[in-house]
Amino acid sequence: MILKNTSVTRNSFNNLILPFYNPYCFIPVKGRGSRIWDQEGKEYIDFSGGIAVTSLGHCHPVLNKVLNYQSKKLWHTSNIFTNEPALRLAKKLVTSSFASYVFFANSGAEANEAAFKLARYYSTKKYHLKKNNIISFYNSFHGRTLFTVSVGGQSKYSDFFGPNPLGIQHAEFNKIETVQKIINKDTCAIVLELIQGEGGIIPASKTFVQELRWLCDKYNVLLIFDEVQTGIGRTGKLFAYEHYGIKPDILTIAKSLGGGFPISAMLTTSEIKSLITPGIHGTTYGGNPLACAVAEATIDIINTKDVLSGVEKKLNRIIFELNIINKRFKLFTEIRGIGLLIGIVLEKKFVKKINDILHASFLEGVIFLAAGNNVIRMVPSLIINESDIIEGMNRFYCALEKTL
């Protein structure tokens with residue numbers, strides 16, 4: 001049973017919290033697996049995954065156990081010390097990736113901020129002082145700090161916060177000729193999401209990524225993969241770059257890494273580490289023992305054959321159910337993405353109804369997200385069970401019956 005706390009309601013948000021967000025009309029108070037419950041006790045099936053964060057669902061028993069254990073040992077030390085969970089987690093990330101070294105932070109934006117700063121620092125130190133230009137892509141998203149939102153390719157997130165940092169250029173995603181026109185000796189880094197998330201769940205083509213790697217090698221440019229949304233099992237491999245057969249120079253992860261606990265990381269190579277000295281960057285909470293302990297347990301569970309191979313099986317079941325829905329409603333033109341980062345591209349006649357569709361789904365007890373203005377996004381738990389998939393799709397069907 002859930003007892004409603006009448007002292008705070010959704011309306012309390014309007015009276016107390018700056019409206020940078022516009023939360024849904026209900027307040028979740030409990031979660032278990034792929035289901036959550038609101039103040040009224042209503043149950044929802046969660047295909048949003050906390051925006052690709054709750055990779056093992058809500059309140060996973062192993063993560064609860066690890067968090068409880070670590071909370072009785074050590075919460076925080078700051079960066080004047082290291083700690084055992086951080087070192088164990090770093091070792092697992094290094095042994096499972098291209099990287100040799102790790103930096104821990106608290107959010108995807110902070111990991112990307114560190115990556116962009118490091119790329120400029122390394123390039124100006126190793127080559128020349130003007131080698132500081134960064135190439136990103138239109139419709140990309142890399143965070144909400146002034147630097148990361150400027151690198152991101154959506155001006156709606158950076159308008160009216162200027163003057164923006166200089167030395168940032170944008171090219172067209174999956175169009176290598178637009179990169180060739182602007183890359184030069186002053187370029188220090190190219191950054192891309194292997195699947196543009198906020199931009200509409202658009203995967204980079206293998207040819208495009210291969211050609212980017214070649215250009216980076218030719219011009220001594222660092223290749224940065226933003227895997228904040230795709231990393232730690234989301235695509236059916238621990239890192240999405242494994243699908244492409246191309247290694248980056250720097251990689252960032254967050255979201256799924258902590259399974260719901262705030263943590264992020266930047267991974268890089270021995271070559272780049274060779275120019276780093278203490279004090280050029282830092283963070284108070286990065287490498288926090290609580291966060292690292294939970295993240296270590298998250299990786300131990302996800303980086304297994306059963307979970308990673310299960311991603312494709314769950315995707316196939318979701319696609320099967322969506323195709324049944326599409327036969328009835330002719331709702332979408334395609335399903336795109338990789339693994340459990342799924343984009344349902346709406347037919348033109350339904351684009352203006354996307355918010356109505358999402359709202360109707362909430363009322364039926366199933367939660368989705370939007371990506372761009374014409375895509376419904378699904379980023380469920382990597383271990384969502386089949387019964388939750390089927391029930392969630394049934395609720396989605398009912399929502400569409402009432403809306404379209």
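**Reading burial, salt bridges and a pocket**

Author: Aspartate 186 is buried, because its relative accessible area is 17% and burial means a value under 20%. Please keep in mind that this is a predicted model.

Reader: Which residue forms a salt bridge with aspartate 186?

Author: In general, side chains of opposite charge can pair when their charged atoms come close. Here the partner of aspartate 186 is lysine 185, with the closest N and O atoms 3.5 Å apart. Lysine 185 has a relative accessibility of 59% and therefore counts as exposed, whereas aspartate 186 is buried.

Reader: How many salt bridges does the structure hold?

Author: The structure holds 18 salt bridges. One of them joins the side chains of glutamate 43 and arginine 395, at 2.6 Å from N to O. Glutamate 43 belongs to strand β3 (residues 43–46) and arginine 395 to helix α13 (residues 386–403), so this pair ties together parts that are 352 residues apart in sequence.

Reader: Are glutamate 43 and arginine 395 buried, partly exposed or exposed?

Author: Glutamate 43 counts as partly exposed, at 24% relative accessibility. Arginine 395 is buried, with a relative accessible area of 13%.

Reader: Which residues are linked with Glu43 and Arg395 in a network of salt bridges?

Author: The network also takes in Arg35, Asp388 and Glu391.

Reader: What do the side chains of lysine 92 and aspartate 300 form?

Author: These two side chains meet in a salt bridge of 2.8 Å, N to O. Lysine 92 lies in helix α4 and aspartate 300 in helix α10, so the pair ties together parts that are 208 residues apart in sequence. Lysine 92 is partly exposed at 25% relative accessibility, and aspartate 300 is partly exposed as well, with a relative accessible area of 40%.

Reader: How many residues of the lining are nonpolar, polar or charged?

Author: By class, the lining of the second largest pocket has 18 nonpolar, 17 polar and two charged residues.

Reader: Which residues does UniProt list for "binding site"?

Author: The unreviewed UniProt entry lists Arg144 and Thr283 under that heading. From this set, Thr283 is taken in by the lining of the second largest pocket.

Reader: Where does threonine 283 lie, and is it buried or exposed?

Author: Threonine 283 is found in the loop between α9 (270–273) and α10 (289–302). With a relative accessible area of 16%, threonine 283 is buried. Beyond its neighbours within four places in sequence, threonine 283 is in contact with Asn79, Phe103, Phe104, Ala105, Asn106 and Glu110.

Reader: Where does arginine 144 lie, and is it buried or exposed?

Author: Arginine 144 occupies the loop between β5 (133–137) and α6 (146–151). Arginine 144 is exposed, since its relative accessible area is 58%. Not counting residues up to four places away in sequence, arginine 144 touches Ala109, Val149 and Tyr157.

Definitions and conventions. Residues numbered from 1 in each chain as written. Predicted model: local features only at pLDDT ≥ 70, side-chain atom pairs only at ≥ 80, totals over all residues. Heavy atoms only, no water. Nonpolar A, V, L, I, M, F, W, Y, C, P; charged D, E, K, R; others polar. UniProt positions renumbered as here; feature names shortened; annotations may be inferred. 1 Å grid on protein atoms, 1.4 Å probe; cavity = no way out; pocket = protein on both sides within 12 Å on 5 of 7 lines; lining within 4 Å. Helix = DSSP H or I, 4+ residues; strand = E, 2+ residues; numbered from the N terminus. Buried < 20%, exposed > 50% of the residue type's maximum accessible area, 1.4 Å probe, protein only. Contact = heavy atoms within 4.5 Å. Salt bridge = Lys/Arg side-chain N within 4 Å of Asp/Glu carboxyl O.
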